[in-house]
Amino acid sequence: MNTLNNNTDFLLSIENLTVSFDGFKAVNDLNLYIDENEIHVIIGPNGAGKTTVLDLICGRTRATDGSIKFRNKELTAMREHEIVREGVGRKFQNPSIYEDLTVFENLELSFPRGRTVFGALTFQRDEEVRSRVREIAEMVFLDTLLDMQAALLSHGQKQWLEIGMLLIQDPELLMLDEPVAGMSVSERKQTAKLLNEITKGRSVMVVEHDMKFVEDIAHRVTVLHQGKILSEGSMAKVQADPKVIDVYLGH
Amino acid sequence: MRRLKNLIENRLSRRAVLAGTVSAATLAMAGALTPSFAQDVNTTGLAVTEDTVKVGILHSVTGTMAISETGSVQAEKLAIEQINAMGGVLGRKIEYIQEDGASDWPTFAEKAKKLLVNDKVAAVFGCWTSASRKAVLPVFEQYNGMLYYPTFYEGLEQSPNVIYTGQEATQQIIAGIDWVAREKGAKSFYLLGSDYIWPRTSNKIARKHIEKLGHKVVGEEYYPLGHTQFNSVINKIKLKKPDVIYAIVVGGSNVAFYKQLKAAGIDMTKEKPLLLTISVTEDEIRGIGGENIEGAYAAMKYFQSLDNDNNQAFVKAFKERWGDDIVIGDVTQAAYLGPWLWKAAVEKAGSFDIDKVRLASPGIELTTAPEGYVRIHENHHLWSKTRIGLAKTDGQYEMIYETADLMEPDPFPEGYQ
Amino acid sequence: MTNLKSFMSRQEMLGLLVVAAVLFVVMPLAMDIFRLNLFGKYLTYAFVAIGLVLCWGKGGILSLGQGVFFGLGGYCMAMYLKLEASTPEATAIQSTPGIPDFMDWNQITALPWFWQPFNSLTFTIVAIIAVPALFAFIIGTAMFKRRVGGVYFAIITQAIAAILTILIIGQQGYTGGVNGITDLRTLKGWDIRTDEAKYILYYVNGGLLIAVLLLSQIVLKSKLGRLLVAVRDQEDRVRFSGYDVSNIKIFVFCFAAVLSAIGGAMFTLQVGFMSPSFVGIVPSIEMVIFCAVGGRLSIFGAVYGTLLVNWAKTTFSETFPELWLFGLGALFIAVVLVFPNGLSGLYRSYLAPIVDRFIVPKGRKAEPDKSTPAAPFGADTTAKPAE
Amino acid sequence: MFADYTWTELGSIFAMQGFAGLILFSVFVLMALGLAIIFGQMGVINMAHGEFMILGAYVTYLCSNFVEAYAPSFFGVYFFFAMILAFVAAGSLGALVEWSLIRHLYKRPLDTLLATWGLSLILQQAYRSIFGAREVGVTLPNWLLGSVPLTDIIEIPINGIFVMVLTFFIAIGVYFILFRSRMGMQTRAVVQNRVMAGAVGINTEKVDRHTFALGCGIAGIAGSAFTMIGSTGPTAGQLYIVDTFLIVVFGGAASLLGTIASSFAISQAQSTMEFFLSGSMAKVLTLLTVVGILMLRPQGLFSLKIRR
């Protein structure tokens with residue numbers, strides 16, 4: 001449809017994106033752009049289509065219409081693992097880690113090497129892998145727990161582990177779905193610090209409900225409502241937007 | 001080492017026997033008259049003592065085939081008990097070791113091997129399906145055992161280590177088709193069967209014979225074992241209007257086939273089409289229900305209702321032993337012949353040695369068989385009459401025809417392959 | 001040594017040694033050739049069970065059609081042996097000498113094209129591996145690329161087993177029908193029915209089993225092994241870590257298929273025939289129970305599970321044929337409800353700590369090797385049944 | 001193959017064949033409905049489904065013997081009571097099985113497969129020990145056995161009509177129970193969100209048990225009805241299992257309408273192919289087609305697009 005700007009400077013450009021489930025349009029003609037090195041937060045009431053947008057970007061849900069370009073490459077026709085290999089990382093709402101494996105192994109499996117069947121068969125745990133795992137583990141506050149089975153971690157630690165598993169892939173775009181849900185206050189602070197740190201050299205898209213946390217991290221905020229953009233801009237700007245206030249407080 | 005020694009002895013004894021059949025026959029006379037020592041009547045290390053001899057019974061007690069094989073087990077046990085009551089074989093009581101083939105062919109092979117190698121039985125009565133027989137055959141040939149196989153079957157086999165006490169295909173088929181063609185004026189046939197070797201081979205013979213008689217096969221069809229929906233083929237039969245439906249359906253499919261045939265309005269008690277089967281014995285009718293198969297004709301060698309003294313005594317003994325509500329089918333009777341034929345052969349040979357029994361077997365006759373008179377052919381099958389029965393509502397067949405002469409068994413029929 | 005250690009823990013090495021000792025020393029000494037041959041037959045099922053450990057226990061893919069691959073391997077072998085047994089001299093009485101007897105009975109007058117290559121032993125050996133692998137690849141690609149998994153996969157593989165059985169039985173001119181391919185005699189002129197041959201085949205079978213155990217261990221200890229567990233537990237996470245999950249599944253399904261086929265080929269050699277009754281639904285499900293009794297996560301457990309169930313089957317069905325099905329049924333239920341980790345679970349809870357005391361040198365006990373997982377059986381100490 | 005026949009004959013045969021397809025359709029629906037409830041609604045793979053059917057058949061057998069011996073005057077109508085009894089017997093056994101076995105396994109569907117396979121072995125052996133290894137013949141009232149001649153060639157089997165009518169009523173009944181009754185609403189609520197259903201006060205355990213028992217009970221009725229067309233033996237139930245599961249999966253597991261549609265599609269395909277090909281090949285081709293389509297469209301014929 002919209003093929004006007006085939007090349008953009010944006011890291012990610014979503015144009016005219018629509019997806020419908022049996023006639024219900026969960027995302028409706030959406031346009032959204034992500035800059036390099038930007039922390040972009042998507043907020044909105046339940047059912048606004050926030051998670052669906054992330055699903056569409058990472059290929060988990062197929063778009064009915066529209067385009068998603070990442071570094072000017074069309075993502076909508078790619079399969080999930082290809083999108084990941086392009087440099088898009090995705091964290092799920094509930095921590096999705098391998099509970100039967102240790103923290104080390106969790107990170108190691110995410111290390112971007114030996115991703116084919118035979119690559120995995122011949123994969124060697126060399127010094128490069130070890131040091132990288134240690135480095136990332138340190139970043140996500142898990143360096144002392146490398147040999148612990150992941151199932152035994154606390155909820156917050158599991159969230160961090162999943163973030164670490166994304167970081168080790170060194171993605172250019174990191175998508176986080178409610179990264180601080182279920183975290184304690186001190187864990188939230190640590191997470192905010194972590195996010196600010198890792199955004200050096202990459203862009204981050206966050207879906208979040210916790211407004212305090214959003215204020216702490218967001219460079220830019222998009223408010224979604226019924227699959228459409230209601231408002232966009234800095235936190236202060238959207239907070240002042242009457243449409244937003246109406247949606248959140250009205251009815 | 002011991003095995004090797006046995007083997008050598010075995011070879012030697014075989015040569016000795018071949019060299020002097022006459023002396024063996026003389027020995028046999030002596031053996032039958034006076035009690036003999038175990039080492040005289042058993043030179044190959046079989047499980048024979050001064051007063052006992054071990055045999056094996058090998059059928060499926062569990063699994064899908066247990067339904068069919070139960071009757072054979074009962075018949076074989078009855079025959080063994082009767083023989084023992086008459087004083088046994090060569091003065092020795094028969095002890096049987098029963099093994100379960102579990103409806104699984106390697107299990108049959110495995111158990112056959114156990115009976116021959118570990119238990120050293122003098123004979124085995126068993127197997128029901130062709131597949132189980134094919135599985136044990138190499139075992140019997142390798143370890144030189146003797147199998148008495150009771151089921152009517154497709155033929156195409158003739159092993160020195162097997163006595164086939166049921167009919168092979170041509171005996172059943174040719175007599176049956178001749179009869180419907182002659183007596184009922186049948187000119188067109190629809191062949192139908194379960195999809196496996198016996199029905200397919202049998203129908204092949206039937207087709208050749210029908211064509212030889214100058215008549216026509218208007219359809220031939222096979223359904224997987226256990227198939228239960230026959231409405232389509234019944235429609236085809238209605239379309240083709242054959243004089244005879246020639247059915248070799250087995251097992252659970254039988255029940256479905258006859259019930260649906262009746263429900264579709266094909267009344268077998270009317271002239272056309274008539275139905276001729278070689279696979280439904282009285283045993284199967286219990287599952288099908290007499291009212292569903294009334295009017296069908298079966299071609300086989302035995303019916304429970306046969307009216308002769310042997311059979312009346314046999315049916316009476318069988319019911320006393322296994323209960324009043326039991327029915328006896330063709331295979332059950334054939335299984336009953338096994339131990340008696342073996343006894344006769346052993347006594348003729350004067351020895352339990354497998355090779356001697358084998359040599360003595362051809363020509364053995366049984367005048368006390370429930371079906372009447374049978375005789376073992378050179379090819380190890382039985383000469384027997386074929387009879388046509390008419391199914392009645394009470395689940396019995398009424399014999400309406402029997403061949404005048406014994407049918408010669410012909411497992412490799414020339415011109416039928 | 002470091003290499004060896006990274007790929008086998010002491011417990012696992014001990015496990016392998018014990019299996020080898022049982023196979024090569026204990027059983028041949030304790031049993032006569034009849035029982036040993038029987039035991040060898042059981043062992044052929046162990047190949048299937050090991051494949052199921054990888055495919056189902058680790059990877060979470062339950063196939064109810066392993067009998068298909070067992071059968072394919074077995075039939076390939078049987079076709080070769082049957083051709084060798086069907087020389088024109090041996091089949092002189094047939095109307096067409098030189099073709100297998102069952103073909104002759106079915107009025108087939110020339111060897112069908114797909115039988116032709118089985119005159120060559122080399123081709124046969126390649127086919128035993130390649131045919132099931134290809135078949136599994138086609139099924140796997142069709143299903144896994146479309147994300148058919150779990151229950152649906154189980155039911156579809158079951159249907160495939162049913163189809164193949166009907167097909168084999170129906171096409172008896174080409175397959176030997178319900179009787180199967182029987183009366184196999186020699187392999188390159190060597191009589192496989194003699195006691196001596198049975199001994200040799202038993203050892204070949206045992207050697208192959210050890211090799212397969214080692215190979216499976218390599219797979220499990222590679223990153224692929226951990227990926228399998230990861231796919232089972234968090235398929236999406238693996239996908240979003242940049243892996244093509246379907247390829248991993250296809251690989252392990254093919255791997256399991258090839259193992260089953262090797263088992264099938266050895267079965268044919270030792271038992272002397274092959275028939276459709278090893279292809280269908282019932283044997284396929286029984287093979288799953290072998291694996292489940294062993295503990296579905298341990299390749300050594302799979303071997304013992306197979307042996308235990310088969311031994312019980314033979315013993316019980318000899319002594320209490322009536323009770324056997326009750327026993328087998330109860331075993332299915334118990335292994336699901338009471339012992340989801342099967343024999344290997346029992347071993348880990350009760351025996352492994354004691355064994356550890358003997359095989360782990362003093363002073364090292366407290367400090368597990370950093371490079372290998374802390375638990376003796378890899379990461380699966382708290383393994384839960386796959387869903 | 002049609003050259004020798006008149007148009008009337010051909011017309012009649014196609015009518016008959018269509019009717020045969022409809023009977024097959026009814027048989028499939030009857031077989032699959034119980035499983036569709038258990039598998040589709042609860043996610044439990046009940047490999048013992050065939051054995052529940054056979055239980056119904058044996059109950060019918062006992063009834064027929066009892067009535068024949070003690071109340072021959074009722075023989076004409078005993079079949080209806082037998083079906084009710086079959087429903088009760090299979091349903092009660094189902095409830096017992098759910099309580100002792102299935103409820104521990106709701107989170108492990110593949111394990112229900114193994115456990116219920118074990119159950120099926122136990123039931124088979126139990127039938128064998130109680131009723132003997134041989135098939136039993138169920139005596140049916142005479143009015144069920146015959147056929148209604150419409151023309152010279154077309155004859156409509158009464159038992160076929162009976163099965164069709166029965167299937168119709170049972171399908172309607174299931175529809176009302178699942179979609180119009182309180183129990184059905186609760187069942188669907190539990191299926192969709194167990195935790196939430198529990199939280200709003202639905203006794204999820206009770207609902208599970210009733211649903212499972214309902215599915216088994218319908219299997220019992222099916223088994224009872226099948227005494228008219230099939231065999232009753234300890235292992236007869238195994239024959240149904242592959243067909244039944246394929247029908248349910250092909251229809252789209254969660255959809256009852258899908259089950260009916262897939263029964264229709266498969267039955268028509270099979271009966272048409274049976275007419276033109278030989279029996280075995282028709283069966284193989286039908287199964288292959290179903291498996292092939294399932295590979296292309298794994299979600300089955302009917303499925304809802306779900307927002308993840």
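Two strands count as paired if DSSP finds at least two bridges between them, and the legends below apply that criterion to a predicted model.

View 1. Three strands of chain B, in the order S11-S12-S13, form an open sheet with antiparallel pairing. Its edges are strand S11 (365–369) and strand S13 (382–383), each of which pairs on one side only. Between S11(B) and strand S12 (residues 372–376) of chain B there are three bridges in the antiparallel sense, and Ala369(B) has Gly372(B) in S12(B) as its bridge partner. Helix H14 (residues 330–349) of chain B packs on this sheet, where it touches S11 and S12 of chain B, and its direction makes about 135° with that of S11(B).

**View 2. The surroundings of Ala298(B).** Ala298(B) is a residue of strand S10 (residues 297–300) of chain B. Because 28 C-beta neighbours lie inside 10 Å of Ala298(B), this residue counts as buried, the cut-off being 20 or more. When neighbours within four places in sequence are left aside, the contacts of Ala298(B) are Thr277(B), Ile278(B), Val280(B), Gly389(B), Ala391(B) and Tyr397(B). Met399(B), 101 residues away along the chain, has its C-alpha atom 9.3 Å from that of Ala298(B).

**View 3. Antiparallel strands S1, S4 and S5 of chain A.** Strand S1 (residues 12–21) of chain A runs antiparallel to strand S4 (residues 65–70) of chain A, and five bridges join the two; within this pair, Thr18(A) stands opposite Asp65(A) in S4(A). S4(A) also pairs in the antiparallel sense with strand S5 (residues 73–74) of chain A, over two bridges, and here Lys69(A) stands opposite Glu74(A) in S5(A). The hairpin of S4(A) and S5(A) has two residues between the strands, and Arg71(A) takes a positive phi near 50° in this hairpin.

**View 4. Packing of helices H2 and H8 in chain D.** Helix H2 (residues 49–70) and helix H8 (residues 204–226) of chain D pack with their axes 6 Å apart and at an angle of about 55°; the two helices, H2(D) and H8(D), are therefore oblique to each other. The crossing in which H2(D) passes H8(D) is right-handed. The residues of this contact comprise 11 nonpolar, six polar and no charged. Among those that meet are Phe52(D), Met53(D) and Leu55(D) in H2(D), and Ala219(D), Ile221(D) and Phe226(D) in H8(D).

**View 5. Packing of helices H1 and H10 in chain D.** The axes of helix H1 (residues 7–42) and helix H10 (residues 256–276) of chain D cross at roughly 140° and come within 8 Å, in a crossing that is right-handed. Residues making the contact include Leu24(D), Phe25(D) and Phe28(D) of H1(D), together with Ile260(D), Phe264(D) and Gln268(D) of H10(D). By class, the contact of H1(D) with H10(D) consists of 13 nonpolar, eight polar and no charged residues.

**View 6. The interface of chains B and D.** Among the five pairs of chains in contact, chains B and D share the most contacts, with 33 residues of chain B in contact with 38 residues of chain D. On the side of chain B that touches chain D, two or more residues each come from helix H4 (66–85), strand S7 (216–223), helix H9 (231–240), helix H10 (252–263) and helix H11 (282–288) of chain B. This side of chain B has 12 nonpolar, 14 polar and seven charged residues. Chain A and chain B, by contrast, are joined by no contact, and their closest C-alpha atoms lie 38 Å apart.

How values were computed:
Residues numbered from 1 in each chain as written. Chains lettered and ligands numbered in written order. Predicted model: local features only at pLDDT ≥ 70, side-chain atom pairs only at ≥ 80, totals over all residues. Contact = placed C-beta atoms within 7 Å. Helix = DSSP H or I, 4+ residues; strand = E, 2+ residues; numbered from the N terminus. Nonpolar A, V, L, I, M, F, W, Y, C, P; charged D, E, K, R; others polar. Buried ≥ 20, exposed ≤ 12 C-beta atoms within 10 Å, placed from the backbone. Axes fitted to C-alpha atoms, helices over the stretch in contact; angles between N-to-C directions. Parallel < 35°, antiparallel > 145°, perpendicular 65-115°, else oblique. Left-handed = near helix turned anticlockwise from the far one by under 90°.
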